[in-house]
Amino acid sequence: MIIQLKQDIDNSSLQKIEGKLKESGLKSNFINTQRAKYIVAIGKNYPDMRIFKNLKGISDLHKVSDDYKLVSHKWKLNHSTIDLGDNVKIGNGNFAIMAGPCSIESEENIEQTVQHLLDNNIKIMRGGVFKPRSSPYSFRGLGIEGLKMFYKICHKNGIKIITEVMQVSQIEEMEDYVDVFQVGARNSQNFNLLDELGKSKKAVLLKRGVSGSIDELLQGAEYIFSNGNENIMLCERGIRSFESAYRNTFDINAISILKEKTHLPVIADPSHGIGIRKHVDKIAMAATVAGADGLIIEVHPQPEIAFSDGFQNLNFEEAQKLYRKIHAIKELDL
Ligand code: PEP
Ligand code: MN
């Protein structure tokens, strides 16, 4: 059960609510986010809701029996919006494209990409500086100094950045230089990382695990939310299946199902979803039609020489064609 508390609730009202929950055999989890105060009450049997009727300090309450609660659409009927500032918003009707290379490579690489984003009115640049690579011998990113350069160039140009955080110890040093923390597929169930990102002031994009279920993704998001951070987006990036004709099996169903199950924005990553440059546009369009609130796309000035994932990076011309198609789809107001 979720109880949303009034912002100005006093201590004695809070204690009375907790007392009632205890009498009913429920354990109270107090949650304080950027936007609201909640109690998530957990127990075997839910009490008759009428016992809360005359208690002060409650603004809303609802029974949600799923393992994820705060991120559930059953609890919050309106879709959430992530506001990154400077009028850059994602979700609830705000469609966002995030584009950029798999990895940040150099000052020139950032500047060329920023210019491409500006030319196409795209407000968020993606790019990894800490890279999870299958082989330890592959390029693993420019690290924190690369991030500082990335942030400086983007912010000078009014572009927000999203980049992957791989471990708890990186959060603090990265925090001032990111707008959105990306949690990669391989870390989707790193619960320590999710707990700590829940304490961050920055938004989080949580990717679905390599073999993760939709339910596991939602429960991962619940970790972040229940630690105090409501600014979460979920990302479908394809899952591992028996099929070997492409990199991952992009689960178009997940977009539609997630939109039903959660109020959080749902982002599609068609680049990792199929992993083959010439098919990325079709998957991006399909995800948009399925209801995605945005796309995260790998784009590179010269994919042939990219340090990572070049085979799935679009060049600027290909990317521009895709943006046009996406805008045309959005115009249809499906
Ligand atoms: C990425 O976005 O570059 C990335 C590594 O993605 P994923 O975690 O989905 O593999
Ligand atoms: Mn990549």
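**Helix 9 and what follows**

I began at Gly-291, which follows helix 9 and has a positive phi, near 115°; helices here are DSSP runs of H or I with at least four residues, strands are runs of E with at least two, and both are numbered from the N terminus. I kept in mind that this is a predicted model, in which local features need pLDDT of at least 70, side-chain atom pairs count only at pLDDT 80 or more, and totals for chains, interfaces and linings use all residues. Residues are numbered from 1 along each chain as its sequence is written, chains are lettered from A and ligands numbered from 1 in the order in which they are written, and side-chain values use heavy atoms, with hydrogens and water left out.

Within helix 9 (residues 277-289) I listed Val-280, Asp-281, Ile-283, Ala-284, Met-285, Ala-287 and Thr-288 as buried, where buried means under 20% relative accessible area, exposed over 50% and partly exposed in between, with a 1.4 Å probe and protein chains only. The buried residues of helix 9 pack against helix 7, strand 13 (266-268), helix 8, strand 14 and helix 10, with contact taken as heavy atoms within 4.5 Å.

**The manganese site**

I then looked up ligand 2, a manganese ion coordinated by Cys-102 (SG), His-272 (NE2), Glu-298 (OE) and Asp-309 (OD) at 2.0 to 2.3 Å. Donors are N, O and S atoms within 2.8 Å of the metal (3.2 Å for Na, K and Ca), and water is not among the atoms, so sites may look incomplete. Along the chain the donors follow the spacing C-x169-H-x25-E-x10-D. Because His-272 lies in helix 8 (residues 270-274) and Glu-298 in strand 14 (residues 294-298), the pair ties together parts that are 26 residues apart in sequence. I noted that His-272 and Glu-298 are both buried.

**Two helix pairs**

For helix 2 (residues 107-119) and helix 3 (residues 143-156), I found axes that come within 10 Å and cross at roughly 30°. That makes helix 2 roughly parallel to helix 3, since angles under 35 degrees count as roughly parallel, over 145 as roughly antiparallel, 65 to 115 as roughly perpendicular and the rest as oblique. The axes are lines fitted to C-alpha atoms, for helices over the stretch in contact, and the angles run from 0 to 180 degrees between N-to-C directions. Helix 2 contributes Glu-107, Ile-110, Glu-111 and Val-114 to the contact, and helix 3 contributes Met-149, Phe-150, Ile-153 and Cys-154. By class, this contact of helix 2 with helix 3 has six nonpolar, no polar and two charged residues; Ala, Val, Leu, Ile, Met, Phe, Trp, Tyr, Cys and Pro count as nonpolar, Asp, Glu, Lys and Arg as charged, and the others, Gly among them, as polar.

I next took helix 6 (residues 214-226) and helix 7 (residues 252-261), whose axes come within 11 Å and cross at roughly 45°. That makes helix 6 oblique to helix 7. Ile-214, Leu-217 and Leu-218 of helix 6 meet Ala-254, Ile-257, Leu-258 and Lys-261 of helix 7, and by class this contact has six nonpolar, no polar and one charged residues.

**Single residues**

In the loop between strand 5 (82-83) and strand 6 (89-90) I looked at Asp-86, a residue other than glycine with a positive phi, near 55°. Asp-86 counts as exposed, at 67% relative accessibility. Asn-87 lies in the loop between strand 5 and strand 6 too, and its phi is positive, near 65°; Asn-87 is exposed, with a relative accessible area of 64%.
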